[in-house]
Structure formats: structure tokens, C-alpha cells
Amino acid sequence: MCLAVPARIVSLEADEQAVIDVGGIRKRVSVALVEGVAPGDYVIVHVGYALARLDPQAAAETLAAMAAAGLEPGALA
Amino acid sequence: MKYVDEFRDRELGRGLAAAIAREAVASRRYHFMEFCGGHTHAISRYGVTDLLPPNVRMIHGPGCPVCVLPIGRIDLAIELALERGVILCSYGDTLRVPASNGRSLLRAKAEGGDVRMVYSAADALRIARENPAREVVFLAIGFETTTPPTALVIREAHAMGVANFSVLCNHVLTPAAIVNILQSPEVRTLGTVPLDGFVGPAHVSSIIGTQPYEFFAEEFRKPVVIAGFEPLDVMQAILMLVRQVNEGRAEVENQFHRVVDRGGNQKAQALVAEVFELRREFEWRGLGSVPYSALAIRPAFAAHDAERRFGLAYRAVPDNKACECGAILRGLKRPVDCRLFGGACTPETPMGSCMVSSEGACAAHYSYGRFRDRPAARDAAEVA
């Protein structure tokens, strides 16, 4: 039920709407619940609404920590 | 898909599994509850359980809104569709939940009720504007993730004067459910549900932030790790929980910091506070009546509150006696402990709510894990 997908904002439209791209599929959603988003940003979309921004830097850090945990005993997760 | 596929990577998963096996102390047992149905689904679908050492056990929590919605609330929606002649709009998840007299919203539709499945609350409002002569009710369910969109459409309907639109509100609150579990006799005194920590909600936390969980870590001495819904997110969170237990820590940690921060989405929180207020109590399937665990529509928006508009009176209805959903939702039993599981109760013909949503513990296990329970049958099949 809380399922939500990461999507890239393609363009901002009138009435707090935006066109998003999810794996090549485009859809119009509401960005009324998030502040200051711009084309190129990744957002988390749930039931037609962007709920939060996804931070690419943090995502890279998480993946790096996962890789580190698998390599070295005691590496920081 | 970017930010999805990377978090399902096989090699990273192997590495995390090795790290968990290495760091989980062989002489102790670890019991972690994944609160969310989203996590339950990921654990079942990607076989995370098989990647964990035997002394690390996951317990499914009640964080599936479809599963915890009691029969009496669905009965209200069916009453609206069949007896009050409204257009009843609902997320698809809710349509097959078994209600009284062998009914469901899908059956109500077959009986002539105007029940329509929508993707978004905004679709329900659109249907109301397109059908000004009809009453349109949106059956709103969900945790904090799904609440802000409902708040937004109620405010829009109010502002635009869409007089024929109302909402049957069933929005529930995560922290109240966690408190209920932590204070239950099974966890507190009987010890029948041992709990060493929580894998905390992903998208709920994007709205409410990590701050509300600090109380559980401090007051109940339980570690909480907020985690994303991809399988590697869950595995990394389990590793972080193992480390907290090993080091005697009980803290809130945030594995999902690519989306979640401590304060959450303030804009969404303000909107929810403007439109909704706390209910004194709300019945949850499995947990019973839980004080201040759900939201009701504020009097300022009463015209859009279906309960007020139609004078609906909630009536509690007991679950099917043989159904173990209640005990499963409290972490007391596993799906296979229910004698209806896989026989009388399947995703095609669910008897209990945990078999309805793909996030329900029973549906997840039925779809992805049920053959693992029968090694003898599998071996026989391979020989044949």
C-alpha cells in the first residue's frame, strides 16, 4: 500500500503538476506536496503524488556502504 | 529502473548476507520485526529469509493498511455503495477484503453497486466533478504515506465547493501501532513474541521523519533502523540491527537517508494537521481498539466527511473464527500456523485480510514461499 517508486521529473506543469519518467514511461503527477523540485530531480511517487526528493549523493553513499560491508569484516554499514 | 535495480544487485546482496552471517553471534538469537507490509513483501519475494543465518528471524508486523482494516469499516463502504446509491471510489487493494455476509466491495459491484477503482485520490475528486448529480465517496485507507494526498483532495473539494464529494476516512498512524505492539503482554511480560528491534518504515518516514521513533529506542530500549523497500535496503538494515544488538545500543538509525531525514516532509505534515484530527480510538484487525491510532476529518471539513454526511455508525464484526490474521498481525503466529492457509484461504479466494494485499504476510508467503515449506513434495517432484 505504501508502495512508491523513484521517478525523474521531466518538466513542471501548471497547477502544481509535473511530468515524470519512470523507466521510460511518462506520467503526470502532482508535486503539490514537495517544495522546490526542478526538472532532473528524482522524487518518490505514491498514488499520483510526489512525496519526497531522492538524494543521489546519499544513494551513492548507501551503495558504497553495502559494498564495503560485503568486503571487509567490520566495515561501516 | 534507476534507484531500484542497484538496490536489487545480486553481488551486493551476497556480500551483505555474508556480513550478517559473520557478525550475528552464533550463541544468541535475533528477533526483528519488519513493521511494513512493503518490507514483508520484499523479504518474501527476494528470498531474504533464505539469506539469513538460522539465528536471525524476521517477524512480520501489522504495517499493511488493507490487513488491519476491520470488517466493520468495509461494511460501511458496502452500505454506501448498495443502500445509499453513491459512487464508491477505492484503491484497488481494498476491493477484495472479505466483509460481512461473504461480501466484499467487488461482490457489491457485481450486485449492482457503483464501485470504481481509482489510482489516486485525485481521480475520485475528478469523478465527483464529472457527476454533480451523484454522491461520490472516496474510501481512504493507508498509513502516513497515503494520508497527505487525501488531505489535499479534501481541501481542494472544500475550496472548489464540490458539494457531492466526501471521504470515508480510515487513515491510521504507525507510531500508535508500534506502541501497541511494544506494550502488548506477548512482548512485555509473556515473552511469547521476543523482539530485539524494528526495521522501520520507508515511505511513512519520508513524511513523518525519523524523530517519532526516538521514543521507542529510548523508552522501550529497542533499536530501530529505518529502511528502504528494496531487498538490499532490508538486508543492510538487518546488519545495522545486528550491530546495535551486539553493541548493546538502542538507537534510531536511518538506512534510507537517500529519501528520509529527521524532520520529514513539513509541508505534508502541516496539511494533514489542517484537515485531520486524532480519533479517540480506532479498531484494528488483530490489535483491537487502539487509542489515538487513527485520523478523522476536522469539523471545518465536515461536509466532506462521509461518516457525518451519511450518519454512518461503525459496528464491530468478529473475524472468521478459524482465521489467524489477528495473531499473525501481532507477530504471534506465522501464516503456515493457520489451518486455512493455502487451502480454504488463497489470494484468489481470501478468507482473511492478510491474504488479500500482496503485502499481507499470508499472501506474500503464499506467492513466494509456500513450496519451501514442503521439501518432501519438492524432492518427490524432482525425482518424477
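Two strands count as paired here if DSSP finds at least two bridges between them. With that rule, chain B shows an open sheet of 5 parallel-paired strands in the order β2-β1-β7-β8-β9. Everything here comes from a predicted model, in which local features need pLDDT of at least 70 and side-chain atom pairs count only at pLDDT 80 or more, while totals for chains, interfaces and linings use all residues. Residues are numbered from 1 along each chain as its sequence is written, and chains are lettered from A and ligands numbered from 1 in the order in which they are written. Helices (H or I, at least four residues) and strands (E, at least two) are DSSP runs, numbered from the N terminus.

**Domains of chain B**

- The domain assignment, with bounds from an automatic or database source, gives chain B domain 1 (5-66 + 174-254), domain 2 (68-169 + 276-309) and domain 3 (325-383).
- The C-alpha centres of domain 1 and domain 2 of chain B lie 31 Å apart.
- Where these two domains of chain B meet, 13 residues of domain 1 are in contact with 17 residues of domain 2; contact means that the C-beta atoms, placed from the backbone, lie within 7 Å.
- On the domain 1 side of this meeting place, β2 (56-63), α3, α8 (174-183) and α10 of chain B each supply at least two residues.
- That domain 1 side divides into 9 nonpolar, 4 polar and no charged residues. Ala, Val, Leu, Ile, Met, Phe, Trp, Tyr, Cys and Pro count as nonpolar, Asp, Glu, Lys and Arg as charged, and the others, Gly among them, as polar.

**The sheet of 5 strands**

- In the sheet ordered β2-β1-β7-β8-β9 of chain B, β2 and β9 (252-254) stand at the edges with a single partner strand each, so one side of each is left without a neighbour in the sheet.
- Neighbouring strands of this sheet are turned against each other by 25 degrees on average, direction ignored.
- Strands β7 (residues 197-200) and β8 (residues 224-226) of chain B run parallel and are joined by 3 bridges. B:Phe198 has B:Val224 as its bridge partner in β8(B).
- Helix α2(B) lies across β1 (30-36), β2 and β7 of chain B, at about 120 degrees to β1(B). For such angles, axes are lines fitted to C-alpha atoms, for helices over the stretch in contact, and values run from 0 to 180 degrees between N-to-C directions.

**The sheet of 4 strands**

- A second open sheet of chain B has 4 strands in the order β4-β3-β5-β6, with parallel pairing.
- Its edges are β4 (114-117) and β6 (165-171) of chain B, each with a single partner strand, so one side of each is left without a neighbour in the sheet.
- The twist from one strand to the next averages 20 degrees.
- β3 (residues 87-90) and β5 (residues 136-142) of chain B pair in the parallel sense over 4 bridges, and B:Cys89 stands opposite B:Phe138 in β5(B).
- Helix α4 (residues 71-83) of chain B lies across β3, β4, β5 and β6 of chain B, running at about 140 degrees to β3(B).
- Helix α7(B) packs on the sheet too, touching β5 and β6 of chain B and making about 155 degrees with the direction of β6(B).

**A hairpin in chain B**

- β11 (residues 281-284) and β12 (residues 288-291) of chain B pair in the antiparallel sense over 4 bridges.
- B:Trp284 has its bridge partner, B:Gly288, in β12(B).
- The hairpin has 3 residues between the strands, and B:Gly286 takes a positive phi near 95 degrees.

**Where chain A meets chain B**

- The contact takes 32 residues from chain A and 46 residues from chain B.
- On the chain B side, α1(B) gives the largest share, 7 residues.
- By class, the chain B side has 25 nonpolar, 13 polar and 8 charged residues.
- Helix α1 (residues 56-71) of chain A packs against α1(B) at an angle of about 55 degrees, with the axes 7 Å apart.
- The residues making this helix contact include A:Met66 and A:Leu71 of α1(A) and B:Leu12 and B:Arg14 of α1(B).
- The contact of α1(A) with α1(B) divides into 8 nonpolar, 2 polar and 1 charged residues.
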